Structures are given as structure tokens and as C-alpha cells.
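Could you have a look at this one with me? I've jotted down some comments on the ligand site and on a couple of backbone angles.

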Amino acid sequence: MAKQQQIQLAKRPEGMPTDENFNFVETAIPSPEKGEVLLKTLYLSVDPYMRGRMTSAKSYIAPFQIDEAINGGVIAEVIESKSDSFKEGDVVIGHLGWQEYSVAADKDIRKVDPEAAPVSTHLGVLGMPGLTAYFGLLDIGQPKEGETVVVSGAAGAVGSVVGQIAKIKGCRVVGIAGSDEKVDYITNTLGFDEGINYKTSNVYKSLKEACPDGIDVYYENVGGEIGDAAISLLNKFARIPVCGAISSYNKKEQDLGPRVQTKLIKSSALMKGFVVADYADRYQEGAESLGKWLKEGQLTYEETIVEGFNRIPDAFLGLFEGKNLGKQIVKVADPDIAVLPHN
Ligand code: NDP
């Protein structure tokens with residue numbers, strides 16, 4: 001029986017995960033039954049939220065199980081079909097295991113069009129991170145022309161889209177990121193008005209200078225002291241979509257900071273947490289808008305693609321060191337049949 005590699009959760013991490021938390025296991029390539037397809041993994045997404053799933057804590061999504069495959073967003077090629085809906089060579093997206101081959105029920109995957117855009121974009125700007133940016137900013141942030149929008153994690157998959165949509169909406173946009181290269185990218189390539197390197201500057205002082213009229217929307221991706229600084233500069237009726245808090249994901253102790261209640265009261269601000277799945281019934285709207293902006297050139301994107309199945313854990317861990325510019329993706333294999341004109 002043909003074999004493949006799979007990556008399982010070996011044990012739950014305390015603090016920053018290491019190689020010891022991942023187990024490479026050889027397993028049999030499964031066979032599809034009626035209504036199923038056999039898929040070859042082409043591109044695989046690593047995302048910060050996966051750190052939360054490595055713990056056993058109750059959350060909006062079930063934890064990964066020890067000695068079971070880790071899973072997430074995957075772009076794959078149909079290499080054997082026992083479904084009327086798919087044929088060999090179709091390229092699909094699904095929530096699949098960290099493994100070279102998967103069997104999926106046809107109802108759990110959907111086709112992507114390799115002609116329309118590089119297929120990897122469905123893991124980034126046109127996929128979950130793009131939708132997260134779109135709904136968090138527009139539905140909770142409600143940016144208005146002329147307002148100041150600040151986004152942290154600004155050069156990453158979500159943050160880079162947030163800032164660009166805020167520019168489309170006519171806002172002044174300030175991004176916070178972890179290197180001069182990233183600041184250069186968000187200002188000179190993405191068109192943000194200002195960028196702050198939080199590793200080399202006093203974030204509060206730099207934000208104050210960059211936001212002379214205060215902050216109307218703070219799109220929170222990182223939490224910690226960066227969030228504290230932004231919340232100190234809120235305008236009346238400011239909005240804070242709380243998307244992520246990556247600075248605390250690997251902390252062993254609870255991450256305590258300044259209490260925000262008085263600041264929220266004084267500015268009559270709205271601070272609202274969300275997960276992108278809250279907007280599942282509006283994904284079509286979000287995908288259409290993102291696709292349109294991309295086609296029109298109003299939206300651009302970057303991907304950091306590492307190649308090789310064995311590099312998946314490194315790519316994941318790199319998210320917590322800021323190794324990625326734009327969306328972090330792993331290229332696992334070339335397709336057997338499918339033609340990917342953009343890749
Ligand atoms: P990114 O592409 O932004 O990658 C993570 C980035 O976080 C790194 O590149 C790094 O950039 C930054 N980072 C890492 N550690 C720290 C730290 N200690 N302090 C500040 N910044 C840090 O990831 P995503 O765009 O996929 O996700 C961004 C955020 O959005 C995450 O918090 C994630 O959990 C959240 N998210 C939430 C969703 C939801 O439904 N609510 C859905 C998707 C994502 P740098 O070099 O700038 O430090």
C-alpha cells in the first residue's frame with residue numbers, strides 16, 4: 001500500500017512550540033469511497049490561530065488531538081474521483097490534514113478557478129485572512145472617509161488587507177509592523193500613510209506623531225503593549241475590531257496590561273471581538289469585493305512561500321517571529337495534471 005507523510009500533534013506546547021510538538025508519521029494513502037475524492041496537497045496554510053488549537057482550552061473551534069493530524073486550509077488537486085461533482089485535475093480548497101494526500105467528501109471541498117488568480121491566493125487575500133480583514137474592518141470598524149485607521153500586524157495576511165481597504169475607503173492609514181522592511185512595504189508598496197517599526201521605536205510616541213487627529217479605528221491583531229498604546233489615543237466614538245492578540249499566544253502566564261474600561265468610557269468607544277466565521281453567511285459578498293479590488297488593482301498582496309512538506313512546522317513557528325511578509329504558505333507539491341497558469 002502506498003505511503004505518505006502526515007504531521008501529528010505530538011504533545012501540547014507550553015510557551016513557544018518547538019519541533020518536539022510535531023510528529024512526522026508515515027501513514028497509508030487512503031482510498032475514496034462513493035461521493036469522495038482523493039486529493040494531493042499542493043499548498044497549505046499555516047495560521048496563528050492554530051497555536052490556540054494546540055492547547056486543550058475551550059474555544060470557538062475544537063482543539064487538535066494528540067497523535068492526530070493537525071489540520072487547516074489546503075489547496076489540493078483531485079487525483080481520483082468517486083464523486084459526480086469533481087474530476088481528476090480539478091483544484092479545490094478544503095479544511096484538510098497536514099498530510100500529502102487526503103480523502104474528502106465532495107460536500108466538504110469547493111473548486112477554485114486556476115485561471116482567475118493564483119490558487120494560493122485562496123489561502124490569503126481571497127480566502128480566510130482577506131475575509132477576516134474585510135468583515136472586521138467594515139462591519140465593526142465602520143471606517144469613514146477622512147478618519148484615521150491604525151492597524152497592527154500591518155504587513156501580515158490580515159493587516160495588509162485591512163490597511164488597503166481602509167485606503168479604498170478614503171482613510172488615513174497607519175500600520176505597525178516588526179521591521180523596517182515591513183514598514184517600507186506597507187508605505188511604499190501598499191500605500192499606507194505612515195508605518196511604525198514597533199521593535200525600534202516607542203510605539204505610543206510614534207503613534208501620537210503619526211495620528212495628529214487621534215485614532216478613529218484601531219484594528220487589533222497583536223494585543224499587548226501595542227494595543228495599550230493605540231487605546232490611549234482613541235477619539236470619541238472610536239471602534240476597535242479585536243481580531244487577534246498574537247503577542248500573548250505563547251505566554252505562559254496571563255498577559256495583564258492597563259485596564260481599558262475608563263479609556264473606553266471616556267471615548268465612548270466600541271471594542272468588539274469577532275471570528276471570521278461569524279460572517280459565514282456573507283462570505284460571498286466579501287469574496288466578490290476582494291476579487292473585484294484585486295482585479296482592478298486597488299488591492300495587492302504578498303505571499304511568503306516556503307517549499308517542502310518537512311518545512312511546515314518551521315513555517316508555522318516563523319509566524320511568531322515575524323518571518324513572513326504577507327501570507328505565509330507552504331508549497332507541498334506540484335500538481336500531477338492540473339495546469340496552474342499563474343504559479
Ligand atoms: P500574519 O500574517 O500577520 O502573521 C503573524 C505576524 O504577527 C507576524 O508576521 C509578526 O509580524 C506578528 N507578530 C508575531 N509575534 C508578535 C508579537 N509578539 N507582537 C507583535 N506582532 C507579532 O498572521 P495573520 O494575518 O494570519 O493573523 C493576524 C492576526 O489575526 C493574528 O492575531 C490572528 O490570530 C488573527 N486572526 C483572527 C481571525 C479571526 O477570525 N478573528 C482570523 C485570522 C487571523 P511582525 O514582524 O510585524 O511582528
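My notes follow, point by point.

1. Ground rules first. This is a predicted model, where local features need pLDDT of at least 70, side-chain atom pairs count only at pLDDT 80 or more, and totals for chains, interfaces and linings use all residues. Numbering runs from 1 along each chain as its sequence is written, and side-chain values use heavy atoms, with hydrogens and water left out.

2. The ligand has 26 residues around it, and K182, Y198, Y249, V276 and N324 are the closest (a residue counts if one of its heavy atoms lies within 4 Å). That shell splits into 16 nonpolar residues, nine polar and one charged. Here Ala, Val, Leu, Ile, Met, Phe, Trp, Tyr, Cys and Pro are nonpolar, Asp, Glu, Lys and Arg charged, and the others, Gly among them, polar.

3. Now the polar contacts (pairs of N or O atoms within 3.5 Å). A side-chain N or O atom of Y198 sits 2.5 Å from a ligand oxygen. The protein buries 91% of the 900 Å² that the ligand exposes when taken alone (Shrake-Rupley, 1.4 Å probe).

4. Two backbone angles deserve a look. Most residues other than glycine have a negative phi. D67, not a glycine, has a positive phi of about 65 degrees, and F237 is also positive, near 65 degrees. F237 is exposed, at 54% relative accessible area (exposed means over 50%, 1.4 Å probe, protein chains only).

Key
Buried < 20%, exposed > 50% of the residue type's maximum accessible area, 1.4 Å probe, protein only. Polar contact = N/O pair within 3.5 Å; in protein donor to acceptor, adjacent residues only side chain to side chain.
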